[in-house]
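Thanks for making the time this morning.

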Amino acid sequence: MSEISVTPKSFEMVFYDSAVIGEVVGEVAERLGFSEPIVLEIDEASPLGRSKITAYDPVELWVDGGALENTQRPRHFGKQRTRDTIGRLLIRILDRRSGRFDDAPADDELSLSQFAAWDAHCVGRLERLGIGGQRKRRLYQFRNRHGFTDVADEAFDLLWDSSELNWPEIERISSECRAG
Amino acid sequence: MTDIKRPREPFAPWDRRTLPGLFDVEETAKRVGNYKWLEIKLFEALGGWVATVPELDVKLRLGTHCYHHAWHAELFDKRLPELREMKTERLTVPANDEIATFVEAMTAPEDAHMTIEKLVGVYRVLIPHTIAAYTYHRNATSEITDMPTVRILDFILQDEFNDWREGEMLIQSMLESDEEVDRAMTHQAKLEKLMLAAGGIAGPGSIGDPYVEAMEDN
Amino acid sequence: MRKIFPAEELARDARFIRQTNEQRLGDPRGARVAGGSSGDRLAKLTPELANGPDRARALMHGIFVGEIQALEGAGRTCWDFELDEEVPLALKLDMARQCWDEARHCEISVSLAEHMGTELGEFAENGLLYEAACNPDPVLRLTGVNRALEGLAIDVFNTMKEFGNLAGDPVLEFCEDWMLADEVTHVKMGSDWLRRLTANDKERLDKALEFQKIVDRLFSFNGFRGEDDDSPIQLTRRFRELAGFSDDEIDEIADMSREARVEAPS
């Protein structure tokens, strides 16, 4: 099992427990086959939901406190939300390590539509693993970036349902609906 | 070319409306005032209950039906001056004290657990009685002299039937145990007795009198 | 059934979690507003933002619970006041009409939430809107709800309509356009009743306008609703004029928002 290091150790603005966060992140990492140490830095002052991979090897993740929050109970930890946020980041790391994404731009160079397309592929797989979900939420994000059209919806289904696409395929699916 | 000089009957052959009706202007105004009072009480209660029911579909239906009954009250309110009652509030009264008691009992439930009682009072007791009284009025009044009231009642009855059906379906969807059926029936019986005491929404004679006087023995 | 039904007792099913005002305003990160947080320098809500779709989703859920409370508030105004002694029949008829409109808005919002991938109850509910609808004076209640809050709804719906337009989302744009039409009617109702019920009562008029300002201020966290290009929610002059606001009144709201923005922590 991965050793999870959570920063900060204690929280002032939110009712989070770093040990609980570590457990949930560890569970997700184990389900995805990670056994290496993972560092997670949380900006508890931000209620937004941003997240990013700051280093791929060793794995270092950064998230807004809001990305781990229970949206029904602001300032409280949300287990499901955390699984979704961390799962998306970790599966992206696995994708990049697989060799199938060697052509993909760096994370901070991905366009919003590329991100939405890759996310759809990530979360679809997470859902099948029982880790994440919210298919309709992802579909809405995808439509915002690719259009509210049947073509875009079919593209989304393909991304969501596929088990192992590579970057050129994702990029092609995304750009085809934007062109249409 | 049409012969425009050829006389026709004022009433087409299929128009069988007749002149006399059971109600004169005064009686009609009195009944319309009673109806208006009741529709006001009903829309006020439906509006008030919205905040007290947790079931989302019921909440939204009550909000919708609230307006239907407000519109009925408005239609009756506009009819009153046409029936020689310029001070409409004078006739906007309950038919008798008993109907006021009925309304008080019907609107009493407030607790979030009492949605069944709220719905039963409206959709199993009051609205069936309004449908009955309005239908009687619509059929018994003159379709010629009092057609404005008939037209109003036709619109209103359309609403009442639709709302009754929706309300009844909500009740059926909420009755999931013997205990809930008993609750519904107990409350219905309680209110039905109060309505009986009132003689209907417009008092005794709300739906006419179906009995004939027995003939004396020879 | 009681007159004046307390906000804490609003009936909800298990999906809905209430966040008190103390909890909301006591969040050291800033209160949640417009699908984001007042603690941040919120950008104008557009699809181009990285979190634009998620903010729109959260805002849509806020609109949905706001519609429920608006329905409940209008319903209570039908019940809470004695006919003729406290309010005329025509006012109650308007409130009943508003009940129907708000019920439809709830239905529209539920459908839009589904369209945007939001589950009912996914976000916390705050009862501030209904609280304004508990004022025991009908004039203050209508001014606070129909002019301040429904006025805010005009701004929010117009912003969401633009969001739908920019995103090429015909469903969102269509629905917001219809709801916007109803809101203008509701605000106009508030403006008309304020004028009619205070025609010979300057003191009551002043009190009502003061209450409106308090409510407007409560909903002006960090000036998120304003006329600046980057205001998260755009103040909508044209529709407010249609709804009976004078230029001075709109200027005042714009100034209030601007001041709140300047005072906001950076």
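Let me begin with strand β3 of chain A, residues 51-56, where the number of buried residues among the six is zero, so the strand lies largely in the open. Please keep in mind throughout that this is a predicted model.

What does β3(A) pair with? Its partner is strand β4 of chain A, residues 59-64, and the two run in the antiparallel sense over five bridges. They form a hairpin, with two residues between β3(A) and β4(A), and if you look across the pair you will find A:Ala55 standing opposite A:Glu60 of β4(A).

Stepping back to chain A as a whole, we have six helices and four strands, and along the sequence these follow the pattern β-α-β-β-β-α-α-α-α-α. The radius of gyration of chain A is 16 Å, close to the 16 Å that the globule rule gives for 180 residues, so the chain is as compact as a globular protein of that length. Its C-alpha trace spans about 50 × 35 × 30 Å along the principal axes, and 39% of the 180 residues count as buried.

Chain B, by contrast, comes to seven helices and zero strands, and its C-alpha trace spans about 70 × 60 × 35 Å along the principal axes. Of its 218 residues, 43% count as buried.

I will close with contacts at a separation of 6 or more: residues 24 or more positions apart account for 79% of these in chain B, and for 59% in chain A.

Methods. Residues numbered from 1 in each chain as written. Chains lettered and ligands numbered in written order. Predicted model: local features only at pLDDT ≥ 70, side-chain atom pairs only at ≥ 80, totals over all residues. Buried ≥ 20, exposed ≤ 12 C-beta atoms within 10 Å, placed from the backbone. Contact = placed C-beta atoms within 7 Å. Pairing = 2+ DSSP bridges. Rg over C-alpha atoms; globule rule 2.2 N^0.38 Å.
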